[in-house]
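Welcome! Have a look at the structure first, and then read on.

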Amino acid sequence: MEFQHSRIDDSPPCGQMSFCLTTDLTGNGLPDVIVGALGGIYPFTVPVIGKDLNLRKLPGTREVIKQMETNVFWYENPGWERHDVAKAPDLSVGGSLGDISGDGTMDLVAGQNLNEHDLYWFEQPDDPREEWTRRLITDDFEKYHDTAVADVDGDGEDEVVVLSQESAVVFYYDIPEDPRREPWPVENRHMVAEDLDVEGVEVADVDGDGTVEILAGPNVFHRNGDGTWDRESIAEGWPWTRLAVADVDDDGEDEILVTEGDLPYQDPDDRRARLGLFDPPEWTPTILHDDLSNPHSLQVADIDDDGDLEIYVAEMGLEEGHTPRQFVFHRNDDGSFEPEVIEEGVATHEAKVVDLDGDGRLDIVGKGYSERNVDAWFNVV
């Protein structure tokens, strides 16, 4: 396999970037790229008595600077012209797309990060190049790490699923009849779990019973007839996870792929991160790799066009002295998986596998977390 690297943007209008999503906003058949961010890294310094004073650290001034920064923007494919979406300081990882307004176009859901409380949806205008309207869903919790838009209760309508790390809750909202009201009514909110601090969310019918489950971290939540949810743990001791659901071994049953996306974080004494495959119904684990560094990108797709699903993993480059890598795991005839390193040296966070140029081959798009880079890798073989 060979991928050709292309830099989309080496000067995005912010610093730490949180989520990366793809969808066709313009209707030309090519996926555009949406990026959200926690905030800027620009110093905003002024000289005071021979020293540089960082205005970002001053109460009041810090808040004004945040309000000035553009934290959501998108790149138009082809050409990668950048367009602003909205200002929304301190957006966390795990934004999601869905038709919240009911007009047939994709809107954006994303929440704020540590010490912040707002969960938003952003309404796409008729021309997505214009400013999107930011609307408040709730400010009742803290740090919304991962969201999803899907029908989780079987009523034929999408809900908004949310993980709040600092509040340690998993919940979902029925979209109100008037989704533009702010905030959304509390009676539309349904708690799935409490006292559960997790990362990573997926919605899928993992047990094949015809109804979907909510995956929140290394847990599967099954919906009961009375609207309550039963928790099934599939991987004890796997923190800060990214998730994917697919039948990667071609046995007719979906497996759950899990990476420990934030290990080792910044402590050199942290253990290395793992990539695991969990096979139902007992969720028997198979460790595919145990020497990863902050593998915060996880996707499953037929990347090499051989008819089998591959597993894509990328490292986010937080570990000092470690060269971040991107892997594609290929399934062997005996059912084992063989990793192939397809890129080294570019820190990548929340990357997506998608056909960017419409040639029928799957490409990769991602961005840095602390590094200010947005990148594409085009599949040339």
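Strand S26 (residues 325–331) and strand S27 (residues 337–344) run antiparallel and are joined by 7 bridges. Keep in mind that this is a predicted model. Across this pair, phenylalanine 327 stands opposite valine 341 in S27. The hairpin of S26 and S27 has 5 residues between the strands, and glycine 335 takes a positive phi near 95° there.

Now for a sheet. An open sheet is formed by 4 strands in the order S1-S30-S29-S28, with antiparallel pairing. At its edges are strand S1 (3–9) and strand S28 (349–354), each of which pairs on one side only. From one strand to the next, the twist averages 20°. Within this sheet, 4 bridges join S28 to strand S29 (residues 363–367), and these two run antiparallel. Here valine 353 stands opposite isoleucine 364 in S29.

Next, find asparagine 294, in the loop between strand S23 (284–292) and strand S24 (297–301). Is asparagine 294 buried or exposed? Asparagine 294 has a relative accessible area of 0%, and because buried means under 20%, asparagine 294 counts as buried.

| Partner | Distance |
|---|---|
| Serine 293, side chain | 3.5 Å |

Leaving out residues up to four places away in sequence, asparagine 294 touches several others, including Gly261, Asp262, Tyr265, Met316 and Glu319.

Methods: Residues are numbered from 1 along each chain as its sequence is written. This is a predicted model: local features need pLDDT of at least 70, side-chain atom pairs count only at pLDDT 80 or more; totals for chains, interfaces and linings use all residues. Side-chain values use heavy atoms; hydrogens and water are left out. Two strands pair if DSSP finds at least two bridges between them. Axes are lines fitted to C-alpha atoms, for helices over the stretch in contact, and angles run from 0 to 180 degrees between N-to-C directions. Buried means under 20% relative accessible area, exposed over 50%, partly exposed in between (1.4 Å probe, protein chains only). A polar contact is a pair of N or O atoms within 3.5 Å; within protein, one must be able to donate a hydrogen and the other to accept it, and residues adjacent in sequence count only if both atoms are side-chain atoms. Contact means heavy atoms within 4.5 Å.
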